[in-house]
Amino acid sequence: MTLQHNDNHPFPPYPAYKDSGIEWAGEIPENWHDIKIKNLANGGDSFFNDGDWIESKSIENNGIRYLTTGNVGTGYYKEQGQGYISENTFEELNCTAVYEGDLIISRLNPPIGRCCFVPPLGKKVVVAVDIVILRPDDNFDKRFLLYLFSAPGYFENTSLLARGATMQRLSRGLLGNIKIPIPRTVKEQTTIAHFLDHKTTQIDAAIDKHRQLIELLREHRAALINEAVTKGLNPNAPMKDSGVEWIGEVPAHWEIKKLKYSAKINPQKGNSKITKEDIDLVSFLPMEKVSESGHVNYDLKKPINEVYSGFTYFEVDDIIVAKITPCFENGKGALLDEMDTLIGFGSTEFHVIRPNKGVLKRFIFYLTRSDTFMKSGETFMTGSAGQKRVPTSFVENFSFGLPSIEEQQQIVNFIETETTRIDREIDLAQQEINLLEEYRQSLIAEAVTGKIDVRDYVLED
């Protein structure tokens, strides 16, 4: 998205331009100039250097905070990890102290060259060697630089300069020699930074509203599915106590069943009428091919002899449910009704459910995506933290209310009509977010390269 200029545009161009000599910046205002990043730090108190090489054995649970490239977001600090080093390690390694308000630039992992401010984390901080510390001199506004180091054109340039076969890195030397466009006066830099602070705050607030709407729609979608598969569609139907704590009351005419009596749980390939001699390539589904929304990417095929042993077996129209944390809690699972091979194999971290005759596969699929199934499954998980799994016994003995097949169909039709409508609203909200994010990027890019003149812009709420 490019901001268009016209006589009535709130962001007009500068009066005159010149060639910047910087390919990614193009023309810049006549009164701007270019400067190498390393020359932003020429003053007495300025600084431009790498962080420190600190081995994992020196990392402790308290002391001086240690930041890595994972803490550097695109224009913002990311709180993750809790690494520290001791004062003794700091002194022994002659570490560089980093302070609140310093700019830290990541030389590793895309987008390479991303930057953020060091937040208040103590009197001093240390950073990893793949981070460049930039403490510019008084001729440069740090917030202007922060925005400039978030511009798409800048990232295109850094990605071209990065080197490495397995992990792309940008050396400090190459980073320091990158030329950037910049207004000659710190006053103009500050004006542009204030403008972007104001506009991005407005845009971010609009994005947050759409994200909140999406969250509400998702909550409504989940509640609708749960209500339909556990209570039915008739709010006036006579109810009875199911005798199952996590279900509560169900319509009086529904039958209480255990899942193992309505479906085969983790059926064995030896019981299939299809043998490995009948077929060559089969669908293969590692965990990442199954989304949290129930969609499946079937593009991966493997020779059956490669996967016949050691993987989970399933057939077309089976239901798969992730068993391991956090995949189970996040809803990883699917109805394999669009699988383009008769049989398939996948991650051993899937449970497989194959509904019996008289039980609609889509009804059972929505049951496995209900809050009732998910929340009760969480309470039955076994194993250590980070490796907890939903046991087969929970899936087999999960009790639920089963209506007639006609009512199952009515419930499925209702769920699919309503969730289609909700999903459409979610998609529209996401499209708005995408447009706003694109506009935000364009606004930053055009402001920090002088394509728009915001010097006289009045900041209004």
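**Notes on the predicted model**

1. The chain exposes about 23200 Å², of which carbon and sulfur atoms supply 48%, the areas coming from the Shrake-Rupley method with a 1.4 Å probe, where for residues only the protein chains shown count as cover. This is a predicted model, in which local features need pLDDT of at least 70 and side-chain atom pairs count only at pLDDT 80 or more, while totals for chains, interfaces and linings use all residues. Residues are numbered from 1 along each chain as its sequence is written, and side-chain values use heavy atoms, with hydrogens and water left out.

2. The radius of gyration of the chain is 29 Å, whereas a compact globule of 461 residues would have one near 23 Å; the radius is taken over C-alpha atoms, and the globule rule is 2.2 Å times the number of residues to the power 0.38. Along its principal axes, the C-alpha trace spans about 80 × 60 × 45 Å.

3. The chain holds 10 helices and 23 strands, which are DSSP runs numbered from the N terminus (helices H or I, at least four residues; strands E, at least two). Helix α5 (residues 186-231) has 46 residues and reaches 65 Å from its first C-alpha to its last, close to the expected 68 Å, where the expected span is 1.5 Å times one less than the number of residues. Just after α5, Gly-232 takes a positive phi of about 85°.

4. Helix α10 (residues 405-448) has 44 residues that should span 64 Å at 1.5 Å a residue, and its end C-alpha atoms are 63 Å apart, so the two values agree. Just after α10, Gly-450 has a positive phi of about 75°.

5. The loop between β7 (103-106) and β8 contains Pro-111, and the peptide bond from Pro-110 to Pro-111 is cis, with omega near -5°. Asn-109 is found in the loop between β7 and β8 too, and has a positive phi of about 70° although it is not a glycine. Asn-109 counts as partly exposed because its relative accessibility is 31% (buried means under 20% relative accessible area, exposed over 50%, partly exposed in between, with a 1.4 Å probe and protein chains only).

6. Strand β8 (residues 115-117) includes Phe-117, which, leaving aside neighbours within four places in sequence, is in contact with residues including Tyr-77, Asp-102 and Leu-146, contact meaning heavy atoms within 4.5 Å. Phe-117 and Leu-146 are 29 residues apart in sequence and 7.9 Å apart in space, C-alpha to C-alpha.
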